[in-house]
Amino acid sequence: MRPADDNRAGVLRWRMRAAFAVAAGITLGLFFRRAETDAASAGPVAASGGRTILRVAHSYNDPHVAKAFAALAAAYSRRHPGVEVKVEAMPLRVYRQWIRTQLIGGTPPDLVEPLGTGGVWEEIAVQYLHPLTAAVLEPNPYNEGTPLAQQAWKQTYLDKMAGGYFLHLMEFYAASLNLNNQRIFYNKKMFRAVQGSDDPPRDFRAWLELGARLREWAGRDGKVVAPLAVARDDLLSTPGTNRTGLFTRYFRSLTGGMMAPYDVQAWGAPDPTLLFWGLTNGSFDLKDPRIRAATGAVQRIADICQAGFSSDLPENKRFLFLQQKAAMVLGDTRDFGIYQATAGFEVGVFDFPQIARNDPEWGRYYAGPLWEGEGCAGLLLAIPRDSLQRERALDFLQFATSVRQNAAFCAELSWFPAIRDAETSADLAVFRPQTRGTINAPELVSPNSSTEVYFRRNLPLFLLRQLPFDEFMDGLAQEWRARGWADLDRMLNTRIRGHRNTEFNVGRAKARLLFAEAGNQGREFVDHDRTPYQLGLEIVDLLDSSIVRRKYVQPNLKRGDYRFPPAVAGERRDPTWP
Amino acid sequence: MNTLRAAWRESGRWGMFQRREKRRATARHSWLLACALLSGLPGGEAVGHEAAFTFRMKAQALAEPRMHATVHRQDLTDAWAAYDCTRLDEAENLFRRVALSPRPPAPDLCQALFGLGWCRAFRSPLPDVDGAARHFERIVTEFPASQLAPWALVELGNLHVEKGRPGQDAGRTHYRRALERYPDSAAAHEAALRLANSLFYELTEPQMAAGAEILKQHLRRYPNNPLAVIMHFRLDYFYGDIRQDWAACLPHAIKVAELKLSDPFRWSRQYWHVAEILRLRLGRGAEAAKWYRKIVDECPDSMHALVAGEILAALQAEIFAEGGR
């Protein structure tokens with residue numbers, strides 16, 4: 001071997017050793033870091049100085065949320081000096097997988113964010129979350145000294161904690177920190193340039209007219225400014241799947257009460273089966289003037305939306321607004337803080353304009369606004385069963401949802417608080433849920449069915465005036481008639497399969513009723529002497545009644561053996577009425 | 001197994017268990033006899049009736065206290081905890097350990113058999129109906145005097161009833177046995193409800209009517225039973241939706257509204273339902289006003305509040321105008 005080669009080999013050996021040392025260092029470093037992380041994730045960690053660490057994980061990957069949580073954590077640590085609250089946020093897509101892995105692996109944080117209360121989250125809740133039912137029936141100790149001091153924790157919520165209630169499991173598993181409702185944000189400067197003031201429009205027609213003027217104003221200066229920015233799902237979500245979507249909002253406002261004649265049992269609740277029954281006996285017309293007017297109103301909203309709205313995601317609409325390429329944008333309370341902090345222009349917000357009773361085109365059909373009484377829970381937090389400090393986690397959750405802390409947390413973020421009496425700024429008052437709403441509007445499609453597929457495929461064409469109303473509705477009626485029975489049968493079978501979960505829960509409740517070792521019997525849910533066992537059987541019977549009703553009415557209606565009662569007692573039917 | 005069973009049957013614990021059950025039954029019967037005698041005295045009918053009713057309510061609450069395990073407390077506590085989290089394999093192993101232990105006391109064994117039955121019944125992906133039935137049948141045959149026997153019969157019925165389908169005679173036999181053999185058991189209420197439910201699923205008139213009759217009879221006998229509100233709810237549905245007999249439907253609808261379903265979100269819906277039956281189906285608008293008023297006052301944030309308020313205002317105007325004439 002030549003000296004040069006020898007040298008080179010020596011250098012190579014040296015480099016390899018160095019590389020090996022570096023690699024070993026990194027590995028060791030990673031090992032110790034991992035050990036530290038594992039220790040942190042293992043629950044009640046006695047950190048330096050014997051402090052307890054409480055870990056909270058959620059999917060709101062936003063610096064403002066992090067800041068508000070830091071303030072909340074600091075307030076809690078001041079009250080409980082031995083406890084440190086560590087909050088981890090990660091993007092939604094990552095969170096979804098990560099949290100399931102943590103829960104299944106038995107190393108979850110002490111508080112996690114459930115991303116729903118149905119479907120897969122029901123399965124997760126029953127296996128991995130700790131029920132809060134017993135706690136929500138007791139007063140929240142952190143409300144001491146306030147008017148809510150004597151009230152059960154759930155009664156302190158504006159929505160009576162409906163957002164954290166898992167219906168089929170008959171348990172409360174989560175508590176929400178805020179309420180989310182959609183409203184319209186606007187650029188005050190642009191409003192002033194167009195109409196001389198930054199006042200929001202007084203009614204639906206004035207809103208549409210303002211939209212047209214904004215478009216004209218932008219066109220004069222050669223700017224590209226859309227009057228209203230929306231995301232695909234804001235307009236296209238089908239009724240039932242996104243209850244607060246723009247389509248549902250105005251469609252229900254203009255068709256409220258239409259299904260009353262088919263609502264034999266008079267429940268007043270949305271039900272696509274009623275529409276199908278009307279179509280089956282030929283008495284319901286999808287081309288009814290009210291449906292024409294309602295879909296027409298939504299079409300007029302689409303006229304003032306940005307080009308390409310039918311494929312835009314929520315990020316797109318936010319960028320358009322922040323870049324001043326849209327004068328208005330649809331958003332919820334979470335957006336409020338973002339726009340205030342980053343917009344660089346004055347932002348206002350207003351509630352959805354209602355249709356004036358004297359409106360020449362829509363006024364006679366107007367039945368009322370959309371009811372927003374449930375389904376608007378914001379950030380939910382739940383306690384995993386495997387958390388080794390469940391009591392501390394519950395204590396923190398009660399602290400976070402006490403009237404004072406909830407007001408402070410939401411004020412930091414400009415979110416609408418979940419707790420009654422929690423102070424909000426005047427700006428946020430507009431986000432208060434609308435609890436005066438209309439009922440008995442038609443549900444045009446059945447969720448997760450071929451009618452929904454048809455609707456989602458064709459609504460953009462209708463809104464963009466590429467599909468006439470009559471054709472749109474003829475197609476929908478055809479879809480209902482061709483596949484409605486099969487769809488409804490499938491829905492019934494899904495409900496029947498869903499019985500298994502409820503029956504399992506009845507079994508759990510019954511075990512507690514019969515055997516002391518099975519756990520506490522459970523506190524009553526309402527101010528009656530009801531046990532979870534009774535509640536479970538109620539749910540079983542509600543499901544059974546609904547299935548029996550559909551199974552009985554549908555075939556009889558098809559054969560002409562079932563008739564709907566007259567609209568008013570003693571009234572003679574219209575001869576065309578079946 | 002048989003040797004084991006025979007051994008603990010002969011043991012003192014089994015004897016104690018049987019003696020306790022007998023004492024309870026004697027106390028129950030003496031009290032009923034006293035009530036019957038009381039009702040025979042002049043003016044004693046009401047007293048006797050009331051006392052019998054009080055007894056019945058107490059019997060439901062007290063005669064069937066929760067069963068406590070005597071020896072295998074920890075294993076059973078762990079088993080139920082695992083069952084609660086749907087870790088059914090783990091729960092089944094623990095229940096089995098208790099059931100197969102030498103000389104398990106009767107309360108421990110019964111509890112373990114119940115647990116084993118449910119673990120088999122809710123096994124994933126498919127239930128083991130036969131396996132589950134064997135465990136519940138053991139309770140019925142080996143401990144007929146136990147307070148768990150009627151509950152086991154109800155579970156046997158549940159195992160043999162296929163939801164949503166007609167022709168569920170096999171399941172109904174077990175519910176009927178529970179009702180006939182243990183009419184005063186707390187399980188009898190569920191048996192009646194389940195029996196009626198399976199008859200409603202037949203979707204034909206004689207069976208559906210029979211289902212309604214079972215519920216009505218049960219409500220006559222036990223008007224304040226713990227499942228009364230659900231029974232009224234089923235009758236409300238039957239007479240309303242199916243029969244469209246609104247006069248028959250109304251008393252049950254009102255009972256549900258008064259007793260209230262557990263879910264507070266349903267209260268306004270039930271008030272609305274009663275109000276609309278009165279106004280639209282029976283033409284008794286003035287009586288309906290009271291129920292619309294309840295929505296406005298008690299459930300002001302409910303989905304029905306706005307429309308209820310509008311109808312109430314119209315009804316009041318109508319009543320006022322009629323008064324003026």
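User: Where is A:Leu286?
Analyst: In this predicted model, A:Leu286 sits in the loop between α10 (272-280) and α11 (289-303) of chain A.

User: Buried or exposed? What's the relative accessibility of A:Leu286?
Analyst: A:Leu286 has 3% relative accessibility, so it counts as buried.

User: Which residues is A:Leu286 in contact with, leaving aside neighbours within four places in sequence?
Analyst: Its contacts are A:Leu275, A:Leu279, A:Ile291, A:Leu444, A:Phe469, A:Met473, A:Leu476 and A:Ala477.

User: And A:Arg213? How many Å separate its C-alpha atom from that of A:Leu286?
Analyst: The two C-alpha atoms are separated by 33 Å. Along the chain, A:Arg213 and A:Leu286 are 73 residues apart.

User: Zoom out. How many helices and strands does chain A have?
Analyst: Chain A has 18 helices and 13 strands.

User: What share of chain A is buried?
Analyst: Of the 578 residues in chain A, 56% are buried.

User: And contacts in chain A: what percentage join residues at least 24 apart?
Analyst: Take the contacts between residues at least 6 apart in sequence. Of those, 76% join residues at least 24 apart.

User: Let's look at the open sheet. In what order do its 4 strands come?
Analyst: The order is β9-β10-β8-β11, in chain A. The pairing is mixed.

User: Which strands stand at the edges, and why?
Analyst: β9 (226-229) and β11 (347-350) of chain A. Each has a single partner strand, so one side of each is left without a neighbour in the sheet.

User: What does the twist average?
Analyst: From one strand to the next, the twist averages 20°.

User: Tell me about β8(A). How many bridges join it to β11(A)?
Analyst: There are 4 bridges between β8 (residues 183-187) of chain A and β11(A), and the two strands run antiparallel. A:Phe185 has A:Val349 as its partner in β11(A).

User: And how many bridges to β10(A)?
Analyst: β8(A) and β10(A) are joined by 4 bridges and run antiparallel. A:Arg183 stands opposite A:Gly331 in β10(A).

User: Which residues of β8(A) are on which side?
Analyst: A:Arg183, A:Phe185 and A:Asn187 are on one side. A:Ile184 and A:Tyr186 are on the other. Both faces are covered. In general, side chains in a regular strand alternate between the two faces of the sheet.

User: Which helix lies across β8, β10 and β11 of chain A?
Analyst: Helix α6 (residues 188-195) of chain A lies across β8, β10 (326-331) and β11 of chain A, running at about 70° to β8(A). Helix α13 (residues 333-342) of chain A also packs on the sheet, touching β8, β10 and β11 of chain A. The direction of α13 in chain A makes about 10° with that of β8(A).

User: Switch to chain B. At what angle do α10(B) and α11(B) pack?
Analyst: Helix α10 (residues 187-200) of chain B and helix α11 (residues 205-221) of chain B pack at an angle of about 160°. Their axes are 7 Å apart. That makes α10(B) roughly antiparallel to α11(B). The crossing of the two is left-handed.

User: Which residues of α10(B) and α11(B) meet?
Analyst: From α10(B), the set includes B:Ala192, B:Leu195 and B:Leu199. From α11(B), it includes B:Met208, B:Ile214 and B:Leu215. The residues of this contact of α10(B) with α11(B) divide into 12 nonpolar, 4 polar and no charged.

User: And α8(B) with α10(B): what angle, and how many Å between the axes?
Analyst: Helix α8 (residues 148-160) of chain B packs with α10(B) at about 20°, with their axes 9 Å apart. The two are therefore roughly parallel to each other. α8(B) passes α10(B) in a left-handed crossing.

User: Which residues meet there, in α8(B) and α10(B)?
Analyst: B:Pro150, B:Trp151, B:Val154 and B:Asn158 in α8(B) meet B:Ala187, B:Glu190, B:Ala191 and B:Arg194 in α10(B). The residues of this contact of α8(B) with α10(B) divide into 5 nonpolar, 1 polar and 2 charged.

User: Last one. Where is B:Asp75?
Analyst: B:Asp75 is in helix α4 (residues 73-84) of chain B. At 16% relative accessibility, B:Asp75 counts as buried. Not counting residues up to four places away in sequence, B:Asp75 touches B:Leu94, B:Arg97 and B:Val98.

Notes:
Residues are numbered from 1 along each chain as its sequence is written. Chains are lettered from A and ligands numbered from 1 in the order in which they are written. This is a predicted model: local features need pLDDT of at least 70, side-chain atom pairs count only at pLDDT 80 or more; totals for chains, interfaces and linings use all residues. Side-chain values use heavy atoms; hydrogens and water are left out. Two strands pair if DSSP finds at least two bridges between them. Axes are lines fitted to C-alpha atoms, for helices over the stretch in contact, and angles run from 0 to 180 degrees between N-to-C directions. Contact means heavy atoms within 4.5 Å. Angles under 35 degrees count as roughly parallel, over 145 as roughly antiparallel, 65 to 115 as roughly perpendicular and the rest as oblique. A crossing is left-handed if the near helix is turned anticlockwise from the far one by less than a right angle, and right-handed if clockwise. Ala, Val, Leu, Ile, Met, Phe, Trp, Tyr, Cys and Pro count as nonpolar, Asp, Glu, Lys and Arg as charged, and the others, Gly among them, as polar. Buried means under 20% relative accessible area, exposed over 50%, partly exposed in between (1.4 Å probe, protein chains only).
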